[in-house]
Amino acid sequence: MDIAKQLIDVSAAAGANAVKFQKRTPDISTPMDMRDKIRSTPWGEMTYLDYRYRVEFGAEQYKELMSYAAAQGLHCFASPWDVPSVEFMEAQGALTHKVASASVTDLDLLRALAETGKPIILSTGMSTLEQIDTAVETLGTDRLVLMHATSTYPLPAEEANLRTIETLRERYQVPVGYSGHERGLQISLAAVALGAVTVERHITLDRTMWGSDQASSLEPKGFEALIRDIRILEEALGDGVKRVFPGELAPLSRLRRVDA
């Protein structure tokens, strides 16, 4: 809980809009062939299923974290990995839900999410266009944001395939964002330049901490720089209407010799 609150602090200080956790019912969401595998954890060796239970927050903890985030002006929601987790997050008052890339083909989960009537953010990593077609048909497009993603951790540049942002936007006629797992900032910033309406990144207090996602996570200074540069790009992209800007008037009068 202390680390979670520190990550919320980092997000607020950096200027993020929201924080997102993951919510699982381990008995449902843990693959059968993974349950009994032994994993080394900060709490000693245990089965993967026991580990998954060990890292889950309960209702009181979520209530505390969501209140803590709200006090700093941040929305707080989660990626539910199963139907009971959708019900759990609904009970916590989450304003939206995120579908993890691994869940794109879980139609029972998608139907439960659609029934909430909430906006849904759908990541598209590890998925074919045909699988995304089915997911979009199940969720509907009225309150849908797609996220282009490649689920390689960490993501090499040659697998980023950022032009898919435009492919998804044209195919589904919905807003498209970017969920990044790369090292550094450049690919996320390029996604914004290509029209991504939202950016999701994993963050950490320190990449040397224990955990499988550390290598693809941003530390506080990097996250702050990313959001700063995204805000600059938002302004720089403009509206696409060609005009003479006020700052050009002095050079115009000084440099142009022939009037139109």
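This is a predicted model: local features need pLDDT of at least 70, side-chain atom pairs count only at pLDDT 80 or more; totals for chains, interfaces and linings use all residues.
The protein chain has 260 residues, of which 41% count as buried. Its secondary structure comes to 11 helices and nine strands. Taken along the principal axes, the C-alpha atoms fill a box of roughly 80 × 40 × 35 Å. Among contacts between residues at least 6 apart in sequence, 60% join residues at least 24 apart.

The domain assignment gives domain 1 (1–76) and domain 2 (96–237). The centres of domain 1 and domain 2, taken over C-alpha atoms, are separated by 19 Å. Contact between the domains involves 15 residues of domain 1 and 13 residues of domain 2.

The largest nonpolar core contains 30 residues. Within this core, I8, V19, F21, Y62, M89, F223 and L226 touch the most other members. Two or more residues each are given to the core by helix 1, strand 1 (18–23), helix 4 (59–71), strand 4 (75–80), helix 5 (83–91), helix 9 (186–193) and helix 10. Helix 10 provides the largest share, with five residues. Because domain 1 and domain 2 both give residues to this core, the core lies between them. Around I8, with neighbours within four places in sequence left aside, contacts are formed with V19, F21, L65, Y68, A69, Q72 and L74. A second, separate core comprises 26 residues, including I132, A160, Y178 and A191.

The axes of helix 1 (residues 2–14) and helix 10 (residues 220–237) come within 9 Å and cross at roughly 35°. The crossing of these two helices is right-handed. On the side of helix 1, the contact is made by V10, S11 and A14, which meet P220, F223, E224 and I227 in helix 10. By residue class, this contact consists of five nonpolar residues, one polar residue and one charged residue.

The peptide bond from Y153 to P154 is cis, with omega near -15°, and P154 lies in the loop between strand 7 and helix 8 (164–172). A positive phi of about 65° is found at M126, although this residue is not a glycine. M126 is placed in the loop between strand 6 (120–123) and helix 7, and its relative accessible area of 58% is over the 50% cut-off, so M126 counts as exposed. Q173, likewise not a glycine, has a positive phi of about 55°. The loop between helix 8 and strand 8 (176–180) holds Q173, which is exposed with a relative accessible area of 65%.

R143 occupies the loop between helix 7 (129–139) and strand 7 (144–149). Its relative accessibility is 44%, and R143 therefore counts as partly exposed. When residues up to four places away in sequence are not counted, R143 touches G117, K118, P119 and I120. R143 and W210 are 67 residues apart in sequence, and their C-alpha atoms are 36 Å apart in space.

How values were computed. Residues are numbered from 1 along each chain as its sequence is written. Side-chain values use heavy atoms; hydrogens and water are left out. Axes are lines fitted to C-alpha atoms, for helices over the stretch in contact, and angles run from 0 to 180 degrees between N-to-C directions. Helices (H or I, at least four residues) and strands (E, at least two) are DSSP runs, numbered from the N terminus. A crossing is left-handed if the near helix is turned anticlockwise from the far one by less than a right angle, and right-handed if clockwise. Contact means heavy atoms within 4.5 Å. Ala, Val, Leu, Ile, Met, Phe, Trp, Tyr, Cys and Pro count as nonpolar, Asp, Glu, Lys and Arg as charged, and the others, Gly among them, as polar. A nonpolar core is a set of buried Ala, Val, Leu, Ile, Met, Phe, Trp, Tyr and Cys residues joined through side-chain atoms within 4.5 Å. Buried means under 20% relative accessible area, exposed over 50%, partly exposed in between (1.4 Å probe, protein chains only). Domain bounds come from an automatic or database domain assignment.
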